[in-house]
Amino acid sequence: MNEINNSILTLILLAPLAGAVLVLLMPERGRLPNWIALATSLATFGLTLHLPAHFSLAADAPRFQFEINRMSIELSSNSVESHGIFYHVGVDGLSLWLVVLVGLLAPVGVVASWNAIHSRRKVFFALFLVQQTAMFGVFLSLDLILYYGFWELSLVPMAILIAMYGRKDGPRAALKFFLFTFIPSAPLLVAILWLYARTGSFDFATLQQWIVSGTLPAGALWWVALAFLFAFAVKVPVFPLHGWVAETFNEAPVALAMVVAGKLGLYSMLRFHIGLFPAQARAVAPVLVGLAVVGILYGACLALVQRDFWRLMAFAALSHLSLITLGIYGLTLTGWEGAVYQILSHGVVDGALFLLLGALYDSYSTSQIGAYGGLAAKLPRTATFFVFGSLAMIGLPMLSGFIGEFLILLGTFTGVSKGWAIAATLGVILGAAYMLWLVQRLFFGPESALAASKPPKDLRAGQMAVLWPLAALMLAMGVAPMLWLTTIETGVHPPQTELKSSEKQAAGAKAPDRFAAFSAQLKSCPDTKPDFSAGCDASANSMHGEVAR
Amino acid sequence: MNPDILRILPEVILTLTGVTIMLLDASLPLGWPRWPLGGVGAIGTTLALWASLWQLSLPEGTGFYATIETSAFTVFFHVLICGIVLVALLLSLDTLPEESHHQGEFYALIVFGAVGMCLLTGAVELLLVFIALEISSIATYVLAGYRKETARGPEAAIKYFLLGSFATAFLLYGIALIFGATGTTGIYEIARLAPGAENHSLVLAGMGLMLVGILFKVSAAPFHVWTPDVYEGAPSPVVALMSTAPKAAAFALLLRVVYEMLPSLRPVWEPLLWVVAVLSMTVGNLAALRQQNVKRMLGYSSIAHAGYLLAAFAGLGPSGIAAASFYTAAYAAMNVGIFAVITVAGGYDEKLPLIDDFRGLVHRSPLLGCLLIFFLASLVGIPFTGGFFGKLVSFSAAIGGGANWLVLIGLLNSGLAAAYYLRLALVAAQPSDDQRSAAAAPQVGVAVGAALLLAVAVTLTLGIVPGNVLRAAEAAAHTLQAPPAEGGVPAIALEPR
């Protein structure tokens, strides 16, 4: 068992790659590539499930588990020590469930592409699997160059597939997507190289100590932190940097649209921006909170007026991802837990909704909402699942979207400011409006000419086999969040303590502000789990009242 | 055996190969196929490659009255150049038309060019440097105009020849001035004498003129104007060769001149190269953005890559040399690879000159299409390819030398460059509705397949497990730095105290 634990992450990284090679080697006969891709993605999903099953929650457990750390490329060496790039991967509470989510969405993506991809299946599924490896790599890497490698690699299959299978003008959208993410990565690489030149290390934990120790020049560190943030903010995207989203969603094959936005950037913010540069992150947090709230409202308003459902989903994603950004840069423990939870929920719900919209697009070949109508009677299964997914997305209690939204808004309300929380809540209400209106226009009302023109083709068995578990998961995540939150909170604790320690250094004699007070309060509560126990929250609130005064 | 001969063993093998090819070409009956001559060339080049590797077992030092050196540095570049020449020969084997009457000359010229390039990397005497440069240049001038039947071929050859001889004249004047200042043409001797002469106007002017000549050969801006025209006119396999091998040799010479011959003039040449690096990247990338012709675009891209490589010269001492050497290898692998793909896809008569002609290549020929995208990804600098790791070490060395702004400009430039590389890649990935071109799916022969395989393998190796090559580059860097051990006594010790 120990041997498996020591190599499981390598297996997870290599399995999709091996599948991709197999797809390329086998002849392109019928749906053979589809089956290989499905088998590979299911096997990989099985491997990722090993992680939560054997993740230790004990108090003395190391922060990163299943860790592999060995020198891969030696860049320079002297008699004392050698520096270089390490193959350093590991999982903590923050990345654990995200890895599982990537594993889960892979078979969903394969099923969603089952009929949508008619030509060059080999190329499609091989690149799809390479994309999986790249995404796993981003979540697992603890060496900055390794991380950067996977981060950039994740762009390539995506760009090629958008160009190959774009609906209208694929190459244009692909180029836009690629450049929007690639150019901001340039300052990121400069920042990483600068850190290496100063510290001789690309290792996450080592750099963390270096930065907290305060020996690096503060002015330059500012720019470095900003370079990190900029690259991540474009990828998420944060409000004024979202230019690529709508077109990419419009053109990307369904299987890739599910994974294109959000997760990678949001995770990177938590791990590599706040995790590495707590003091600098604190300084820019108010700006980001403001931008996030603007993004929530802006995305929701634009989603309301879209006539094309891919574009609607793109702006809905902008709105939801901005909410998660709000949770992250509120810098509260509750907000962070909510953010990670919401990433998971958003991934599951979006996966289901994209699968359904993709099925609609396949049978009616239009994404104009106005052309649809009255489908509920003809496609009862599609309609039911879509309504269920929409309810989960808008945050109906007992479904997955609620928990994350509630935690984020709670964290914002108690830890940041009531005004921002109220404004963000407005966005949630708008979210309900555009989603329910979309449901109404697609599935209810009088039957449209388009719906009448084609024989009804409801979900196939394969799609049902994917949607049932996703729906069950939405329900489970809504009623038993502790299954996930207990692990997540072990991951979001560490940045908290570092914030405090760096704060001590930075602030010195300054009175502890609301953040320190809040975390101290959380620590003093016997049970730090955000289990909504009235006592803890109430005392936290009162604490904030005091601090505010 | 005379140990001096062993120090030029690869060059000797290559010369013999070239002569053999010429004699065979003259003695074979007219109707016989000439492609086996290319096979002879490939075998000879492979032997030369092994001979270079074997030279590692020789004691480090110089031969022929201290004119030629064997060291880890020379072996590194010998292996690189022989590898490129081998790929170019394999590429030509399948693509040169059967009816061509000058195949023998073609193969012989490639091999003779390789002699000059190899000699250039080993020369530690400025006159030998000049002769070696001429040997390699004259071969490439002729090769550039190999397609006499087209208008572009002779145009390319004449442009290249006129500008090239002009640049060589600059180099020669520079050598003369430095000889005037120091009274010697031995690189080590000059290195020993130069520290007292930082402000000597002859040394400064000589260095400036030499740099002009060398920077012309690596096609760095503002000495780059010949590049796109020559690339457009020359046959693709020749461009695969001349965009990499002579440049590798010229970069070796540049490293030798600035790091070994005139290290004490660093305050002068470092800002110069800084400016040239920024200019090359920016000019190359901006011009490439607007190109419609694939070979012209890659011509401008090679100018930009010369800029990225020059960024490594901001690195201090061995780290800069190692980074520049590594980048040369990475650039050579991917650039040879992409020209190989273009050669196969377009054929000898270049049926696909424009970017839009590549539309749907992935659908027509998945293998070639994917290889095209792979090499373009490497040129963009996508991780796990040689291009990324080359940029990483180059820029990392520059940051180590404190050139933060240079690196930021360089990386933003590589972001800009992604736009035109991707334009080609995405056009190739786009489905094409043109049935006519679908019929003409290019075939990949055995020799070309081997060439492509070699290029892919090296590009991937340099991107994923570059450790060995990196160590070789570092070893090379250290031999370039160390004082020459001649007669057991370091030359520096001869200086009277």
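I began with chain A of this predicted model. Helix H4 (residues 121-140) of chain A packs against helix H6 (residues 155-165) of chain A at an angle of about 150°, and their axes are 9 Å apart. Angles over 145 degrees count as roughly antiparallel, so I noted H4(A) and H6(A) as roughly antiparallel to each other. The crossing of H4(A) and H6(A) is left-handed.

Next I looked up which residues make this contact. From H4(A) I listed A:Val123, A:Phe124, A:Leu127, A:Phe128, A:Val130 and A:Gln131. From H6(A) I listed A:Pro157, A:Met158, A:Ile160, A:Leu161, A:Met164 and A:Tyr165. Sorted by class, the contact has 11 nonpolar residues, one polar residue and no charged residues.

I then turned to chain B. Here helix H4 (residues 72-95) of chain B and helix H12 (residues 245-261) of chain B pack at an angle of about 165°, with axes 9 Å apart. H4(B) and H12(B) are therefore roughly antiparallel to each other. I recorded their crossing as right-handed.

On the H4(B) side I found B:Phe73, B:Thr74, B:Phe77, B:Leu80, B:Ile81 and B:Ile84. They meet B:Ala245, B:Ala248, B:Ala249, B:Ala252, B:Leu255 and B:Arg256 in H12(B). By class I wrote down 10 nonpolar residues, one polar and one charged for the contact of H4(B) with H12(B).

Last, I checked where the two chains touch. I found 32 residues of chain A in contact with 36 residues of chain B. The area buried between chain A and chain B is about 3000 Å², and carbon and sulfur atoms give 83% of that area.

Definitions and conventions
Residues are numbered from 1 along each chain as its sequence is written. Chains are lettered from A and ligands numbered from 1 in the order in which they are written. This is a predicted model: local features need pLDDT of at least 70, side-chain atom pairs count only at pLDDT 80 or more; totals for chains, interfaces and linings use all residues. Side-chain values use heavy atoms; hydrogens and water are left out. Axes are lines fitted to C-alpha atoms, for helices over the stretch in contact, and angles run from 0 to 180 degrees between N-to-C directions. Helices (H or I, at least four residues) and strands (E, at least two) are DSSP runs, numbered from the N terminus. Angles under 35 degrees count as roughly parallel, over 145 as roughly antiparallel, 65 to 115 as roughly perpendicular and the rest as oblique. A crossing is left-handed if the near helix is turned anticlockwise from the far one by less than a right angle, and right-handed if clockwise. Contact means heavy atoms within 4.5 Å. Ala, Val, Leu, Ile, Met, Phe, Trp, Tyr, Cys and Pro count as nonpolar, Asp, Glu, Lys and Arg as charged, and the others, Gly among them, as polar. Buried area is the accessible area (1.4 Å probe) that two parts lose on being put together, summed over both.
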